[in-house]
Amino acid sequence: AVSDGIESLQGFVVGLYSEAFHVLVALINRAVATPANTAASIVVVDMPGFQNPATCGRPSWATLDELWHNYTQERLQMMFHDRTITHLKEKYETEDINLPDLDYLSDISTPQPLVRLIDKQSIARASQADLNQTDKRGLLWLLDEEAIFPGSTDESFVERLLIQYSDRHSEELIKKGPTESHFILQHFQGTNPVLYNSKGWLKSSRESPNAKTSVQLLHESADGNLSGLFLKYRSGVSTTISGSFVGVEGNQSLRRASSIRRAFTSGTAGIKRHSAALQVKFQIDGMIEQLRRTKIKFVHCFLPQHSAGLCDVRSPGSPNGQQEVVTMNIPLIRSQLRGSQLLDAVRLHKIGFPDSLGYSDFWRRFSVLCSGDVPLIKLGEEKAAIQKLLDDLDIEQSSYRLGNTQIFLRSGVMAQFEEERYERLGDKIVSLQAHCRGFLARRNAKKLRSQETRAQWKRL
C-alpha cells in the first residue's frame, strides 16, 4: 500500500537523521573534551524554555516535542527546589536548628508530583498497602506501552492516563481536555496549565524497523571513511544519551548513574531500553546526574510578555524615529515568579542562615579575631571557643546559630568577619614587617660598628 511505503520511507529518514545527528554531537563533544583530569570546568545547559503555545498566539494545544521541553523544565525546577529549599531545610533539621520563622517551608509545594506523573516507573507490589500504587505508571511509560499494544489509539492512551490519575490527589496535576485526545497538565505548581493534543503521539513513539535499516546501511557503506565514522562513534551504543554529553560514553557510564540505575536494571526497562518514548527520560536523567555533581548556579529568565519569545519586545519605530517601549505584563511576571519559587528561595535566604561553616574551619580562619594571643584549643572544643569569640566580638544572637557540627550565619555576617579578619591580618603583617626591618636595621648598625672598631684598631 502507498501508506505503508510512505511510513517505511519516513522511518528510514528518521533513522538516518537520528544516526547522523548523534554522531555529529559525539564529534563536537569529543572535540571540546579533554582526556586529562581538569581542576575546573564549566557546563552550560541552555534549554529552549517552557512551551505553552496557547499564550503565544499559536495553535491552542501543545505537541509531544513541547511536552519534552516542559518535562525538562520541571526536572530542572525540581533540582532548583531541592538545592535551595529542601537541602537547606534538611541541614537545619540535622543540625538541630530551630527556626520558627521557617515553619512555612513545609507548606511550599514541590514539582515532584507532576514529575512523577510524567516519568514514574511501575513498582513491584510489596504489600497490600501499596496495591493502589502498583499499576500507576508515568505518562512516558504508558505512552510506550500503548505504542506497542495492538489496537491502541491516541484516545485510548489519554483515557488510560486519565483513569489512572483520576483520584482526588491528582486533580491538581492533570485534567480532562475538550476532546478525547486532549488533556491538561498543571505545570509549575499550577501556575501555567498547558493543553496537550495527543494526536500522532503513538506513531511518534513507535520504533520503526526501517530506522535500524538506515543504521546498518551506514555501517556497511562502500565509503570507508563514512562507515568507519559511524562504526567508531556508534558501535555498541544503545541509547541516545551516549555521546550526547561530554564525559558520558557508553552504557557502563550510564549504569553507574544512581538516578537511572534502577531503570536499566529492572526487568521491564531492560526490554524497553530502545523505546523511543523513554529515550527522553534516560537522556534527561543523565543530564541531571551530571549537574548534580557540580556546584550548580541557576539563571532564571522570565518573559516580560507572552509573545516576547516570538518577536522583539519593542514595537516598530514611530514616524519621528522614536521607538515605543512595550509595557510589561505584570500578572505574567508574578505567575512566573510563583512558579519558579524564586521568591521562596529569596525569602529563605533573607530570614534564614544561608552561610554555614564547620567549627574547625571557622576557628582556623577567624581565630585571628580573638583579643590578645590566639588560645590553643583541643579537638572538640571549637564550639565553646567560637561561642566565646562571638561574645567578645559582641555579635547579636539573632545573627548566628550554633548547630551540632556547624555555625550558621545570616547573610552578610560572613562578609563582616572577612573584612575584620583582613584588617587584623593587615595589622599583624605591618607589625611583622616593622619587626623585621628593625631587626635588619639593628644588624646592619652592629655590622657598621664592628667595621668602625676594626678600622680604629688598624689606625692604632
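With which residue does Glu-146 form a salt bridge? In this predicted model, the partner of Glu-146 is Arg-160, and the closest N and O atoms are 3.1 Å apart. Because Glu-146 belongs to helix 5 and Arg-160 to helix 6, the pair ties together parts that are 14 residues apart in sequence. Glu-146 counts as buried, at 8% relative accessibility, whereas Arg-160 counts as partly exposed, at 28%.

Helix 6 (residues 154-164) also contributes buried positions, namely Asp-154, Phe-157, Val-158, Leu-161, Leu-162 and Gln-164. These residues lie on the same side of helix 6, because they cover an arc of only 165° around the axis. Their cover includes helix 5 (139-148), strand 1 (174-176), strand 2 (182-186) and helix 8 (201-205). Beyond its neighbours within four places in sequence, Phe-157 is in contact with Leu-139, Leu-142, Leu-143, Glu-146, Ser-198, Trp-201 and Leu-202.

Nonpolar side chains tend to be buried together in soluble globular proteins. The largest nonpolar core of the model has 40 residues, and those with the most contacts inside it are Phe-157, Phe-183, Leu-185 and Trp-201. Two or more residues each are given to this core by helix 2 (64-94), helix 3 (112-119), helix 5, helix 6, strand 2, strand 3 (192-197), helix 8 and helix 14 (276-292). Helix 14 supplies the largest share, eight residues. A second, separate core of 20 residues includes Tyr-359, Ala-385, Leu-393 and Leu-409.

Salt bridges number 13 in the model. One of them joins the side chains of Asp-285 and Lys-281 at 3.1 Å, N to O. Both residues are buried, and both lie in helix 14, four residues apart, or about one turn of the helix. Lys-388 and Asp-392 form another salt bridge, with the closest N and O atoms 3.3 Å apart. These two residues are likewise four residues apart, in helix 18, and are therefore separated by about one helical turn. Lys-388 counts as exposed at 53% relative accessibility, while Asp-392 is partly exposed, with a relative accessible area of 48%. Salt bridges that share partners join Arg-75, Asp-119, Lys-281 and Asp-285 into one network.

Helix 18 (residues 382-392) also holds Gln-387, which is partly exposed, with a relative accessible area of 26%. Apart from residues up to four places away in sequence, Gln-387 touches Tyr-400 and Leu-402. On the surface, Leu-24, Ile-28 and Val-32 form a nonpolar patch with about 290 Å² of accessible area together. Leu-24, in helix 1 (residues 2-32), is partly exposed, with a relative accessible area of 46%.

How values were computed. Residues are numbered from 1 along each chain as its sequence is written. This is a predicted model: local features need pLDDT of at least 70, side-chain atom pairs count only at pLDDT 80 or more; totals for chains, interfaces and linings use all residues. Side-chain values use heavy atoms; hydrogens and water are left out. Patches are made of residues with over 30% relative accessible area and no salt bridge: like charges are joined within 9 Å, nonpolar side chains (Val, Leu, Ile, Met, Phe, Trp, Tyr) within 5 Å. Accessible areas come from the Shrake-Rupley method with a 1.4 Å probe; for residues, only the protein chains shown count as cover. A salt bridge is a side-chain nitrogen of Lys or Arg within 4 Å of a carboxyl oxygen of Asp or Glu. Buried means under 20% relative accessible area, exposed over 50%, partly exposed in between (1.4 Å probe, protein chains only). The arc is that of the directions from the helix axis to the C-beta atoms. Contact means heavy atoms within 4.5 Å. A nonpolar core is a set of buried Ala, Val, Leu, Ile, Met, Phe, Trp, Tyr and Cys residues joined through side-chain atoms within 4.5 Å.
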